[in-house]
Amino acid sequence: MALEAIMSSQERAAAQAAVDNANRMLAQELGQRTVSPNQSMGKDDFLRILITQLRHQDPTAPMQDTEFIAQMAQFSSLEQMSNMAADFARMAQMLQQSDAASVLGKGVELNLGDDQVIQGVVQAVTRDEMPQILVNGVYFNWDMVTRIFDPRD
């Protein structure tokens, strides 16, 4: 059945005005939260856009089921990727802590910058977010280690 047979011209004009108004509100709403070119959108931004889109959709032409399902699948994928990235970050941190702990009692060479290098035996290791090692009575960041060696050699 054609849309003209269901709605009068006045109803169509009122619906079009409502759609235009909703589109203006949507543009203003999205304009308040802009993303600069070097930023990326997160899952909260994606969900906000989807909800805004659903709230302001044209009642005479609602979003198709397949389109909505595709957007929900994209959101689900984004959520899973965000969770995986967080898990990888935690795993990298644990590996870094494990690496630092494995050098306890071993000799290390540390690059302090400006061509300044020191050597010593690792006496202690912290298990902080950024592990540190105690060499010659001073704590150094784990990422300063350039070489690991057996101190008996």
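# Notebook: a sheet, its core and its salt bridges

**Entry 1: Thr 126**

I started with the side chain of Thr 126, which has a polar atom 2.8 Å from the backbone nitrogen of Gln 132. I count a polar contact as a pair of N or O atoms within 3.5 Å; within protein, one must be able to donate a hydrogen and the other to accept it, and residues adjacent in sequence count only if both atoms are side-chain atoms.

A note on the ground rules before going on. The model is predicted, so I ask for pLDDT of at least 70 for local features and 80 or more for side-chain atom pairs, while totals for chains, interfaces and linings use all residues. Numbering runs from 1 along each chain as its sequence is written, and side-chain values use heavy atoms, with hydrogens and water left out.

I then looked up where Thr 126 sits: in the loop between β2 (116–125) and β3 (132–135). My helices (H or I, at least four residues) and strands (E, at least two) are DSSP runs, numbered from the N terminus. Thr 126 is buried, at a relative accessible area of 16%. For me buried means under 20% relative accessible area, exposed means over 50%, and partly exposed is in between (1.4 Å probe, protein chains only). Setting aside neighbours within four places in sequence, I find Thr 126 in contact with Pro 131, Gln 132 and Tyr 139; contact here is heavy atoms within 4.5 Å.

**Entry 2: the sheet**

In what order do the five strands of the open sheet run? I read β4-β3-β2-β1-β5, with antiparallel pairing. The edges are β4 (138–141) and β5 (145–149), each of which pairs on one side only. From one strand to the next, the twist averages 45°. For such angles, axes are lines fitted to C-alpha atoms (for helices over the stretch in contact), and values run from 0 to 180 degrees between N-to-C directions.

Pairing of two strands requires at least two bridges found by DSSP. I looked at β1 (residues 107–113) and β2, and six bridges join this antiparallel pair. Within it, Leu 110 has Ile 118 of β2 as its bridge partner. A reminder to myself: strands in a sheet pair through backbone hydrogen bonds, either parallel or antiparallel.

**Entry 3: the nonpolar core**

Which residues make up the largest nonpolar core? I list ten: Ala 100, Val 103, Val 108, Leu 110, Val 122, Ile 133, Val 135, Phe 140, Trp 142 and Val 145. Strands β1 and β3 each supply at least two residues of this core. By my rule, a nonpolar core is a set of buried Ala, Val, Leu, Ile, Met, Phe, Trp, Tyr and Cys residues joined through side-chain atoms within 4.5 Å.

I followed up Val 145, again leaving out neighbours within four places in sequence. Val 145 is in contact with Val 108, Glu 109, Leu 110 and Ile 133.

**Entry 4: two positive phi values**

Asp 114 has phi near 50° and sits in the loop between β1 and β2. Is Asp 114 buried or exposed? It counts as exposed, at 81% relative accessibility.

Asn 136 has a positive phi of about 55°. I place Asn 136 in the loop between β3 and β4, partly exposed with a relative accessible area of 48%.

**Entry 5: salt bridges**

How many salt bridges does the structure hold? I get three, taking a side-chain nitrogen of Lys or Arg within 4 Å of a carboxyl oxygen of Asp or Glu.

Arg 90 meets Asp 87 at 2.1 Å, N to O. The two are three residues apart in helix α4 (residues 65–102), which means a separation of about one helical turn. Arg 90 is partly exposed at 48%, and Asp 87 is partly exposed at 40%.

Arg 147 and Glu 109 meet at 3.5 Å, N to O. Because Arg 147 lies in strand β5 and Glu 109 in strand β1, the pair ties together parts 38 residues apart in sequence. I have Arg 147 as partly exposed, at 37% relative accessibility.

Asp 150 and Arg 152 meet at 3.0 Å, N to O. Asp 150 is partly exposed at 28%, whereas Arg 152 is exposed at 73%.
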